[in-house]
Amino acid sequence: GDQHYARLYHAAAARFHLPEWDESILRKLGTLESIYSKLSDRAAVRRAEVLEIIIIVLIMFEIVMGLARLI
């Protein structure tokens, strides 16, 4: 029953080096997560910079329109 399948699984895992594969896959997933995190952070910073530039342009527009009314 289950004991036979457990022994068979452990033998197959040892034969095909499954623990090493698992470790390798986890390491690669960690690397991909790190890369994704850095790219995501970079995109967020760019969005924030664009929004700041838009706000500055709008404030400058308001100032120019206010000065234009005075003239």
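This is a dialogue on how to read a predicted model of one protein chain.

Trainee: Where do I start, and how many helices and strands does the protein chain have?

Mentor: Start with secondary structure, and keep in mind that the model is predicted. The protein chain has 2 helices and 0 strands. Helix 1 covers residues 2–15, and helix 2 covers residues 18–70.

Trainee: What radius of gyration does the protein chain have, and what would a compact globule of 71 residues have?

Mentor: The idea is to set the value of the chain against that of a globule. A compact globule of 71 residues would be near 11 Å, but the protein chain has 29 Å.

Trainee: Which pairs of C-alpha atoms can I use to follow the chain?

Mentor: Take a pair and look at both the sequence separation and the distance. Q3 and G30 are 27 residues apart along the chain, and their C-alpha atoms are separated by 34 Å. Q3 belongs to helix 1. For E49 and I71, the separation is 22 residues along the chain and 33 Å between C-alpha atoms. E49 is part of helix 2.

Trainee: Are Q3 and E49 exposed or partly exposed?

Mentor: Exposed means over 50% relative accessible area, and buried means under 20%, with partly exposed in between. Q3 has 62%, so Q3 is exposed. E49 is at 45%, so E49 counts as partly exposed.

Trainee: What share of the 71 residues counts as buried?

Mentor: Of the 71 residues of the protein chain, 3% do. The chain exposes about 7,000 Å², and carbon and sulfur atoms supply 68% of that area.

Trainee: Which residues form a nonpolar patch on the surface?

Mentor: W21, I25, L26, L29, L32, I35 and L39 form it, and together they have about 740 Å² of accessible area. Take L29 as one of them. L29 sits in helix 2 and has a relative accessible area of 48%, so L29 is partly exposed.

Trainee: How many positive and negative side chains are there, and how far apart are the centres of the two sets?

Mentor: Count each set, then compare where their centres fall. There are 9 positive and 9 negative side chains, with the two centres 6 Å apart.

Trainee: What is there to note about phi of H17?

Mentor: Most residues other than glycine have a negative phi. Phi of H17 is near 55°, a positive value. H17 lies in the loop between helix 1 and helix 2. At 47% relative accessibility, H17 counts as partly exposed.

Terms used
Residues numbered from 1 in each chain as written. Predicted model: local features only at pLDDT ≥ 70, side-chain atom pairs only at ≥ 80, totals over all residues. Heavy atoms only, no water. Helix = DSSP H or I, 4+ residues; strand = E, 2+ residues; numbered from the N terminus. Rg over C-alpha atoms; globule rule 2.2 N^0.38 Å. Buried < 20%, exposed > 50% of the residue type's maximum accessible area, 1.4 Å probe, protein only. Areas by Shrake-Rupley, 256 points an atom, 1.4 Å probe, with all protein chains shown as cover. Lys, Arg positive; Asp, Glu negative; His and termini not counted. Charge placed at Lys NZ, Arg CZ, Asp CG, Glu CD. Patch = residues over 30% accessible without salt bridge, like charges linked within 9 Å, V, L, I, M, F, W, Y side chains within 5 Å. Salt bridge = Lys/Arg side-chain N within 4 Å of Asp/Glu carboxyl O.
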